[in-house]
Structure formats: structure tokens, C-alpha cells
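Hi there,

Here is the structure I promised to pass on to you. Have a look at it first, and then read my notes below.

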Amino acid sequence: MSQTAAKSPKYHPPIIQGHSDYRTYRPLSLPNGITILLVNDPQSKHFAASVSVGSGASSDPRALPGLAHFCEHMCFLGSAAYPQENIYKQYLSQHGGKSNASTSMSHTTYQFDILADDTVAEHALDIFSNFFISPLFTKSGTGREVHAVDSENSKNLVNDGRRRWQILKDLGDATHHFSKFSTGNKFTLPAASEDATAAGAAAESKDVNVHPLTTVLKEIDSNYNEEDMSEFVRAALLAFHRYHYRPKNMAVVVVGPQELDTLESWAVPRFSNIPESEDTMVANGDSDNHSEEYATKWFRLEKLATKLIEEAAKEAPPVSVQDAKTVNYDPAFRPELQGGKWPVLVTTKPLQSMRKLVLFFPMHPTYDNPDRSPTRILSHLFGHEGKGSPFATLQDSGWISSLSAGTRVGGPDQNLFQIDVSLTEEGEVHWKEVVNVIFAYGKMLCDAVEVSLKNNETCNATAAAAEEDVLRRVWDEVGRIDRMHFHQTSPGAVYSFASSVAQSITKHGTNKCLSVGSMLDESPETLPAERLASYCKRIAPENCFIERCSEKAWDEVKEKYKDEEKGEEGDAFQFGKQTEKWYGIDYYISPVNDEDANVWKEAHIKSLHLPEPNLFIPRSLELCPELPEEARTQRIDKSMDPPKLVVNNSVGRLWHRLDDRYALPKSSLTLLLRTPTSEHKLRPNSLHHWDYDSETAMKSNLLTGIFSDAMAQDTYNAHLAGLDWSLSKSSSGYTLSCYGYSDRLSDLALKLLSEFTTGNFVNESYFQTNKDKTIRGLKSYFESKRADSLAMYYRNLLMNWRGDGMEKSLELAKSITMEKVIGQHETIWTDDGIVLECLYTGNISEMDARSFFDKAAGIIKTRSSSPMNGSDTAAKSNSGWVPGPFERRLPYEDIELHFQSQNEKEENGAVIITYQSQIPGFKGKTLSSEESMQRSAAIRLLCSIIKEPFFNELRTKQQLGYIVSSYYDINFTSRQPDLVEALSTSASSPSLSTTSVDSMVLYVLSRKEPPIEVTSRIDDFLVNFRSRLKDMDAAEIQGYADSLADSLTKPIRKLGEEAKYNFCKIRRYAPEVLGVESEQADVDLGWDNPQVMANALRGLDRSYLLQVFDELVLKQETRTRIVSTVYGKTFPMPAQLKTRGTSSTISSLEDLLAKRSKMIPFDPSTNYQPQSSSTFFSLVRSVGKHRTALHYAAAASMMIGVGAWAIGLKSSSCEKKQLK
């Protein structure tokens, strides 16, 4: 590495950090002006770095929308020191790393992480830093990478959030920096000759979207050509990088386990090399043309580009709070832009079914002091869900399902505050009344602020007067909770930390980069009452524009303006249909009649009031007395002990672990009601045979949604105080999860469990809200989803879905009544075999965990033993079968799914290829065979090795699309009831409940080539990859293995993640390992799988990897593969599909379901083989004693018996032979 002599850095004062933050920090700045924060995280196994540039799309030239975003893309494609385009991603991939970058209106941020080995980390930082020292921006690179930008934009065209964001930009002042099109496409950035030709053709045809560069380039040569246009884009990229990627405009965060002195020795000399001056130009523009004529033209292009960049930069406000103090209020949204009078109504049409009502209020910016921002408390109050809030009032009326409030667009020059409401079907009819409630609450807040101001004026206010100042009490509660969260949160992953802090430094400097927004210095006396009063007054109709986004709203306004023609572009504003420029989206602007506006101005509702005191704020933050002294400081790097089984009886199991790694007053509680009633129903005339039932599954989903809505108001204060919960349905039963501060966690969980058992929460309003949400989601699914989402849907419908598809689900949803949902709730308690599976971990003693479990068990027992559950009719689910997930075994053939996207806006096609391993995956050293471990390790390693070359070939080189991805996938499937019965006669039959299934997945989203061609390109790549793997140096393979092993064994850094990891194993494997009332205390459920898998990875060699790759991917006779293809409008699905080789080609739902009906569940004891009468006979003979299982045998007439290993007729070594 070539380095200039680095001058001594200037060290900054220490930063403010939380009490639970064990990291050490060293903030400094270099003579060239760059700010660097060095962070020592002694417990991290990864090294990370991030650079945030204080410039984004607001600095784009008007003639080149998307240039900042394009610059972000180009920085990755090589530097003078490292010219190879894929060197960065390749190196990260080889050493367990990842990277990303993003461009907002104000920032461009780059980040990466990698394994923390000193040599590896320093070299990665060297590659990374050179992006900002001497990026190449080659001519060939710009010509290719603009297609990636264009592909990224094309995928956004079908995203409702992006579409509504573009409409919001279109509503603003067209001369304001906020209105700029930030993504760009190949038209706005004609960097390739064919794109420049298209732009030129548009200019010749007087197209409405004539490229603005046509005017700019005439300053150089009136006879400019397409080559000049593409050359100018590259010149502009270089000029943008020179001007904005200056050290003074950048912040760097470097974090790892290395000592601060080491990190400083790495960072300082490298980032000192970023030039201070922005006037360096590139000779000859990276061209082979060295003529004087070309040099002269390039000089003129670059000079003009520099001028354009400098002028555009003046439009963007400064990013740093210090520099922004002189910025004037300059809102992008003003009444004069929509006819001079507000409120106005904006109507938009969603792709996905929704009913949105959004109120927007331009406010003065609060950029200078986020801790004392009036919008901070406005967001809290308007978004509150407790009694007396707008949400509670409107939910009780049955008009809304959610409400949130906060800043939508913020910056030094403006603040657009929004209140976002999701309406029910009834609420849409009453949307004006919903708006009225919002304005009534705003008026009530104005009155409350007046009370607070009066109390503030009288310094010697009485105690009674102080108690009346509810607003100051609320402000104090918000501050207490924010401070508590700041001090009681342990550091997270270095990857996300680095980027967020780098952005914070560009705005707030180093001292408060971690603490800003945590209200550390606030108290009841610091309530910004005067500013808040002025903000509350702006929650008024005359300062508001309203968006309605729904099909009904669209139909209404379309009918209103059906006879009116749209005005010509450039005409004065007129109400009616408008068209957004870049996405081409239509929307309407219409006036609100004076009568409605006047009603809103006078709005008053007595039931609205400020929040009651929050009783869920922890009373104590003390650590558990049983915790030993050495565990009272954080030690994330300590090995993670498994939870201990402390209760195991007929009621259920309690697993407990007193945390000794995080030293925080927090706990995690997960309670599974293990029951088949969540997705199954009893077979007729049976008390223990359960069959999957789509209606039952849907009723259970509705039930959990209804419960969440019913408890929203009562538990919102708990959420604010750091206690979160969820109730979910899965194939295993119903899971209640609670997480947060230990003090009140058990109380919350018991309250929720008790409420759930009563069933009193089911009412017509909550039922209709959730039913409507379900129907709308199903109804708009195909018309709103991206092509890759649809390809994944069709694949999953074949592989692991139990229902018959979205269309059938929609019919089912429409037929479900509230009485059926109530009946489903009652059905849960008819199962006398319900088993509680509880994990309580964190800052909780074993005694307290046992106390909770006993109380929870009592609640369930009381409910289950109610009179309706007579012993002669109660169902039994604990008959050897354990409900769980499901996956089908793919047959030994290629299955091709071909479907046309029904989303009329979708330009892209998608290809998702899945290779399913036929050998069961690894579950644990005592739960799986050696072969399973080796095979799983090999598939994981192959997926790791293939990731970067796949991306580099199909994305970077071939530019097939923005999304090019490959990954290792793992799924789980439970043994099905009939097979459990068929195997139950064997004394030596293993107690298997769950099987792990490994897969390799590759997918591409593209509009450059037809999906069939994309599939061929993937196939070609895979064939070539084998040659690469065969020639790969053993040391390189070992490097990949070591990196993956290190990544797998890096410590979990959050209690919630640890609890989730452990409970997944408990849910899947506890039933097959443990019997009822087992005395085992130390139970192996694969707790140490990461370490076991890491050891297996390090022992793999090339020959075995080639063998697995051939069997999994290349050999037709051994591979099982699905190619799921969805066609967009660029390349529609051909009328005639060609069958390739041994492929089964499916292009209709009926054919897919027919194919699925012939597939068998994935189970170690079953597999496919050529059909023969003797095979079928042996199968029937094996299960003949169990008549209820005969239909299973008939359906599986092509599988191998019941499995010799499974029924104990052969030794375990025979299993390997059979599975092969």
C-alpha cells in the first residue's frame, strides 16, 4: 500500500456512552479534515468499517437525476490500487464478510464487516479506503453498472411505498431539492452508448421526457453525439466524487476487537490519503484515444461537469447541525402549489390492497435539537394507543386498525409531520369523522399546552397546579424511558453499528453521536412548551393536505373527474388528475369543501385526553441476587451455556437459564401451547387422529390477530416501557413471546395468557377488521407482488405449503364467520393433550421461573378442565405424534414452474432454482448421523463459495439484474401422523419428530433477458463453477471453510436472539429426546451445533465437495431441482413452452397441485424408487395392521417401503446406504 506520511491527528473529547456499553472509543480528526471514530469491541469476532458522506440525492444536478446513487454503485468497481472490479466482494466473501451501501437525500453511506483476524481486517480496510482515494470509474464499468441502477429502479416500480414516495415528491415544489428523483435510471443517466442513443432519439422526437443533457452539452458542441453524452456522465461522476467525497464531508467509523492503537495505525495513514482538494481532473478520461482533439473535448466535458456539480451542491442544505443553524425555513410543501388553499385531498391508487388515510402538516424544522424537539412529544401523543388517545377512540368505533405519527420528511430546512392511519372497511366510509378526531385531539393538546405555559409562568405554583400539568408529567415519562433504554442496552453487531454512528457523526459530531435523541439532559422543566404551542396550532385544516390511498377512494375520485380532461404540462395548477414524472403514476388532487373544513376547525370530543401514568415502567433495574459477582459485568464472548430443564411432567416442560453474559435487567419468556388444534382437526370418529385443515389454520390466524388488536390499548404502555409481546400461530401450536425488563415481565405474560384463555376478546369489530385485512391481502397478492416473490410462492406451494393456493384461501376467508372463530377458540381447550413448552431466560431466578410456570400451568389447567371438556369426548394429541412444520420430498427429476405475473406494473421476470438434498440435514451430534453432518457442512460450504462468483458473473459482468443472489437454505419437517402410526409397532423405532432439510437456492430478478435465457445462464455458470471448484487451490477452500466456521461460531450478542436460538431447538427436538417426567437435567438438543458444524467444515476436502456438488446440482439421476419462473411484461410467458430433458413442465395451478399430490413427505424412512408391484405390496404389508394409515400407503405407492431403518429391520449403517 502506497501511503503518504500521515500528520498527527487531533483527538476529540470523550463521547457520551451508556452504562451498559462496554466498548471503548477514540474520536479524532485528521489534518485533511476527515473525522474518524475508533471503537474497540473486545467481544466482537468481526471487524467493521463505515464511511458516511454528507451528500446525497439532494446534491444531484437537475440534468442528471440519480447521479449520487450511481456514484455509490461505481465506487465498488475498483480503484487505482485495486483495479479488479470484484476484488472487494471476493475478498469479503472469502473471509466471512458482507457489504452494502445506501444513498438517501442527504447521505451516502458505505459499510462492510469481515472476520476480525488482523491481517484479513487490515487488508479489507485498505481495499475499502481506496474507494475514496482513487476510484477508477472506468468507461466500461459505467457503461455496465448503469444497468444495475436501472434494474434497481425497475424493481421499485411495483413497490407501493416507493410509488407513494414519488407522488409525495411530486406534490412538493419542483425547484426544491426534495423533489429530485434519487434513484435514477438508464434514461436519466445515459452512461452507455445505447442509453445515450435512446436519450438522443427522445430529443429528436420532441419527447416530453427530453433529456436535459441535450441543452447542457450544446454549450460544448451543437453537434454533440451519443458518445459525448455517455462520456459526460462519466465526467460528472468523477466531478461529483471529487467535490462531495472530500475529507471534511466524511465521517469514518472503524470498530473491531483490536486495540485502539492498532485501529488508529490502520485507519489514520489510509484515510489521510484522501485528497483535500476537489480540483484534480482525470486526463483523457480513461480512453485509448490519446489524440489532442479528444483530450481537448474531455477537458471541456469535465470542466462543464464540475460547474454543474458545484451549482447543484448549492441547492442542498448542509448536513451538520452546526452548519445548519443559519439555514432558513424552506418547506417543499405549501398551499400555493395546490391552488393556494388547504386542506386538499390527494388520492392515490395502491397495487396492494390497503386503506390508508394520511394527514400531512408542514412544520418548522427541529433539526438543531432532537432531544428537545416538539415533534418528539407530538409523535408520542398522537401515536399513543392507550385510553383517551385518537387510536383508542377510533378503534373502539371500529374505524381503524393502526395509527402512527412522526416526521415523514425532516431536514435543516423543513419538517413534514404525518399522522398515518390504516382504515377498516367501515372506517373508510367514515374517513371524514376519522380526520375530525385527529383535529379534535390537536385542539385538546393546544389547551393542555396553555395549562403548562401558565404553570411555568408562576414559579411558585401550588402542588395541585403542578399535578394538573399532565403534559410535563408525560414529557418526564418519555425522557425517563429514553434514558433507561440508552443505559440498559448492550452493544449490537458491529456491522449495523458502524453505519448508523457514521451518519450520526456527520450530523451531530462525535460527542453526542451515540446519545443524541436519548433525552439525557431533559426533565419536566425542559418541556419546550412555547415551541410546542406553535406546533400544536399547526395541527389545523388550513395547514394540512390529506392522502387517501385505496381502491374505493380511487373509484370515487375517478368518477368525480371522469368528464374533465387533464391540463397540459406547464399550465397553471388545476384540480383533477396529475401524473408523476418518473414512475408515470396517476393520482388526483381535489379540494376539500368548506363545510368539512369548518367542522374540522371546531372539532371537539370529550373522551379524548392525555395518557394516564405509565405503570409498566420498571420499579427496579437490579440484577438477580443469585447472579455470581463475575457475571455482573458483560461478557458476550463467554460460551453460551444451554438452558436447564427444571420441570418435565405431564403438564409440560420448563427450561430456565439465568443469564451470565449480558448483565442487563432484562428477560425473555417464550411459552408454546403445543397442540395440533392450531392447524389440524380431528379425523371423523377419532379422538387422536389429526389431519391438516386449511380452515382451521386460517381461523387460528384470525384468532391471534384479533387478540393482538384487543390487547393493544391495555398493553401499549408496556410497549413504551420496554416490554414487548406477541402471540403467533404455527404448525406446533400457539406461542406467546414476551421480552423486556424483568421487573414486570411475568405479570404481563400471565395477564395475556389469562385473557387469551377466556375468549372474551373476540368481538365483531376486531373480527371484521382482521377478516377484511386477510381478504384484502389475498385478493391483491398476485396484482401487487414482485416477480421474485411470486416465484417463491409457486415454489413453496409445491414444496411445503399445505393449502391449495391463494385463490382457495380467498374463498375460505370469505366464508369464515365470527362464530367459527369462537368455535376455534373453544376447540383449543378440548385437546386434553396440550403440553406447555416454556423457556424463561435472562435476569430471572429459577424460583421465580418455576413460580411463573406453575401459575401459567394453573391457568391452562383451569381452562382445559372446564365443564365443556368431558373426559369421554376430549381429544388426545399426545399419542406419539408431535405437530410441526412440513416439507415434501422432491422426486428425482427437474420440475419447471412457469407462470405469468398478474402485476401489470411488473417489468421484471424472476428465476428461482432450488436444489433439495435428499439426505436429512444435520440436527445435532446425538440426533443425526455422521453422513448428515458431513453433507450439511458440504452444502453450506458450497453455498458460501458460490455466492461471490455467481454475483460477479451474472450481476457485475452480464448485468442480468439488480437482484442476483444465492444462499444456503434450511427447512424442517415433522413426521406425519399416519407414518407415526405405521412405525409404532417396532420397539426399536426411533422417536423422531423433526427432520432437517438442506437446499441450495439461486435466484435472479431481471428484465434484460427472458427468464428461460436467465435459467440457461445460471446452468452455464454452474457447469463452469465446477471447473473452478476442481481447480481451486486447497488453501483457498480451507480459507472459505475457516471463514464460514468462524462466522457460525461468533457469539450471539443479544438476549432475545439467544432465546430464539434455544427455543427453536426446544420446539423441534425436545419431544423426540425427552419422555414425560424424564429425570434428565442436562439434555442435548444440539446446543453446540455451531461448534460441531465448524469442526466438520474444517475437515472437508475438494473431492468430497465435488461429489456433493455433482449429486446435488449436476447429475440428473441424483439431483432434485425446482426451477420456479415468473414472467414480467418485458418478456411475457411464451404460448408454447419447451420441455427440457427430463423436466416436468408445469404452467397451471391445477397441474401444480396434481404434481404435489404425488409427492411424499420428507422423512428419513421414506424415499422414491421406480414403481413396482412388489414395492407397493411390501409397503402395504408393513402398515396393514393399521387401517387408518392405508390411504397414506396408497398415496405413496412410489416410495421405499416404510423404511427398513425406521422399523428396525436393519442396522443404522444400512440407513446411510438406503438414503444414498
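Helices (H or I, at least four residues) and strands (E, at least two) are DSSP runs, numbered from the N terminus. T138 is buried because its relative accessible area is 17%; buried means under 20% relative accessible area, exposed over 50%, and partly exposed in between (1.4 Å probe, protein chains only). T138 and M74 are 64 residues apart in sequence, and their C-alpha atoms are 8.7 Å apart in space.

Before you go further, please note that this is a predicted model, in which local features need pLDDT of at least 70 and side-chain atom pairs count only at pLDDT 80 or more, while totals for chains, interfaces and linings use all residues. Residues are numbered from 1 along each chain as its sequence is written, and side-chain values use heavy atoms, with hydrogens and water left out.

The chain overall

The protein chain has 1220 residues, and buried residues make up 61% of them. Its secondary structure comes to 40 helices and 30 strands. Taking contacts (heavy atoms within 4.5 Å) between residues at least 6 apart in sequence, 81% join residues at least 24 apart. The accessible surface of the chain is about 47800 Å², and 49% of that belongs to carbon and sulfur atoms. Accessible areas come from the Shrake-Rupley method with a 1.4 Å probe; for residues, only the protein chains shown count as cover.

Two buried residues

I546 is in strand 12 (residues 545-549). With 0% relative accessibility, I546 counts as buried. Which residues does I546 touch, not counting those up to four places away in sequence? They are V344, L345, V346, L357, V358, L359, V435 and W600. The C-alpha atoms of I546 and F361 are separated by 9.1 Å, although the two residues are 185 apart along the chain.

S515 belongs to the loop between helix 18 (494-508) and helix 19 (529-537). S515 also counts as buried, at 4% relative accessibility. Leaving aside residues up to four places away in sequence, S515 touches I16, D371, F486 and L520.

Salt bridges

Side chains of opposite charge can pair when their charged atoms come close. A salt bridge here is a side-chain nitrogen of Lys or Arg within 4 Å of a carboxyl oxygen of Asp or Glu. By this rule the count comes to 71 salt bridges.

One of them joins R270 and E122, with the closest N and O atoms 3.3 Å apart. This pair links distant parts of the chain, since R270 is in helix 9 (residues 260-271) and E122 is in helix 3 (residues 118-129), 148 residues apart. R270 is buried, at 6% relative accessible area, whereas E122 is partly exposed, at 27%.

K356 forms another salt bridge, with D420, where the closest N and O atoms are 2.9 Å apart. Here too distant parts of the chain are linked: K356 lies in strand 9 (residues 356-363) and D420 in strand 11 (residues 415-423), 64 residues apart. D420 counts as buried at 12% relative accessibility.

The side chains of E556 and R548 also meet in a salt bridge (3.1 Å, N to O). E556 is partly exposed, with a relative accessible area of 38%, and R548 counts as buried at 4%. Elsewhere, salt bridges that share partners join R635, K638, D641, R657, D659, D660, R661 and E1058 into one network.

Charged patches on the surface

Patches are made of residues with over 30% relative accessible area and no salt bridge; like charges are joined within 9 Å, and nonpolar side chains (Val, Leu, Ile, Met, Phe, Trp, Tyr) within 5 Å. Lys and Arg count as positive and Asp and Glu as negative, while His and the chain ends are not counted. The place of a charge is taken as NZ of Lys, CZ of Arg, CG of Asp or CD of Glu.

Which residues gather in a patch of negative charge on the surface? They are D447, E450, E457 and E530. Helix 15 (residues 431-457) gives the largest share of the negative patch, three residues, and D447 lies in helix 15.

A patch of positive charge on the surface is formed by K349, K558, K905 and K1129. K1129 is in the loop between strand 28 (1121-1127) and strand 29 (1144-1146), and is partly exposed, with a relative accessible area of 47%.

Enjoy exploring!

Best wishes
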